[in-house]
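Please keep the sequence and the model in view while reading.

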Amino acid sequence: MQKNNNNNRRFSPERPWCVGVAVVGLLVGAMLMTVFASRWSADTTPIFCKTLFGPAGKIIAGGDSNPTELQLLSIVHYATSRTVPQQNIDEIKVTLDVLKVLSPCNFLVYGLGHDSLMWASLNARGSTLFLEEDPSWVKKILEGAPYLRAEPVKYRTQLSEAEELLNMYRSEPDCWHDRSFLKGNERCKLALNMLPEEVYEKEWDLIMIDAPRGYFPAAPGRMAAIYSAAVMARNRKKSGVTHVFLHDVDRKVEKVYAEMFLCRKNLVKGVGRLWHFEIPPTNDVTKGFC
């Protein structure tokens with residue numbers, strides 16, 4: 001989800017127009033559902049809330065604009081662009097199936113890129129926030145899509161430290177399952193301790209991990225994102241599970257950390273390079289992450 005030429009970050013199918021057409025079809029379907037629900041629901045509130053451009057071009061709830069405005073923008077974008085999401089259509093459908101049931105919801109996405117407008121439009125009435133490692137990339141994307149909500153994130157890890165960080169987790173009490181916390185956690189390098197306040201205040205129904213970069217030794221890797229998603233899910237106070245989607249599970253670090261913190265027992269679906277976990281909240285501090 002960031003600028004570079006690596007294939008893991010910029011999915012380029014042999015026939016990109018096929019993916020583009022499929023994405024447009026999904027978005028058209030979502031928009032028609034919006035219109036249908038808005039017209040026939042006994043509740044006068046539409047399924048996707050009306051939107052309005054607020055400060056810095058951000059879309060905010062309320063206003064008198066068309067409730068499907070964000071979805072229309074997304075349809076036009078993907079219909080006229082040669083750039084397509086890095087996930088393939090079967091992987092996208094895994095998350096879409098959950099959004100069909102839960103949207104409007106709180107959706108946290110690690111990574112900002114060519115699929116961001118799609119995710120935001122599929123949760124148009126909900127709260128979708130993107131976390132991106134590169135501030136310059138955030139600026140560039142928001143110049144073309146000011147209606148997205150994105151924040152830069154500074155990681156304390158490097159991919160080359162993946163094995164060392166697992167050993168640190170085992171020996172550092174502030175990383176352990178019975179004491180796990182994120183905000184202000186200086187001792188556990190796997191804890192994302194300097195995120196925007198909104199991330200800590202909200203309970204996220206869906207968490208998508210498709211960043212940061214994890215394909216060269218000096219890259220941040222996704223170790224902290226995976227660990228922190230597990231902590232958020234376990235500390236959830238609302239009823240229901242947290243849906244966590246992890247991309248690039250064909251890579252060793254993603255797979256090892258997923259099995260350590262997201263847990264095989266919580267894995268409900270795997271399609272292509274995407275795993276879908278349903279993680280319940282827990283009050284049982286006697287059990288580890290898995």
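Thr-242 is found in strand S7; helices (H or I, at least four residues) and strands (E, at least two) are DSSP runs, numbered from the N terminus. This is a predicted model, in which local features need pLDDT of at least 70 and side-chain atom pairs count only at pLDDT 80 or more, whereas totals for chains, interfaces and linings use all residues. Residues are numbered from 1 along each chain as its sequence is written, and side-chain values use heavy atoms, with hydrogens and water left out.

Thr-242 counts as buried because its relative accessibility is 1%, the term meaning under 20% relative accessible area with a 1.4 Å probe and protein chains only. Not counting residues up to four places away in sequence, Thr-242 touches Trp-204, Asp-205, Ile-207, Ala-233, Arg-236, Phe-277, Glu-278 and Ile-279, where contact means heavy atoms within 4.5 Å.

Helix H9 has the buried residues Val-253, Glu-254, Tyr-257, Ala-258, Phe-261 and Leu-262. They lie on the same side of H9, because they cover an arc of only 125° around the axis, taken from the directions from the helix axis to the C-beta atoms. The buried residues of H9 pack against H6, H8, S7 and S9. Cys-263, with a positive phi near 85°, follows H9.

Definitions and conventions: Buried < 20%, exposed > 50% of the residue type's maximum accessible area, 1.4 Å probe, protein only.
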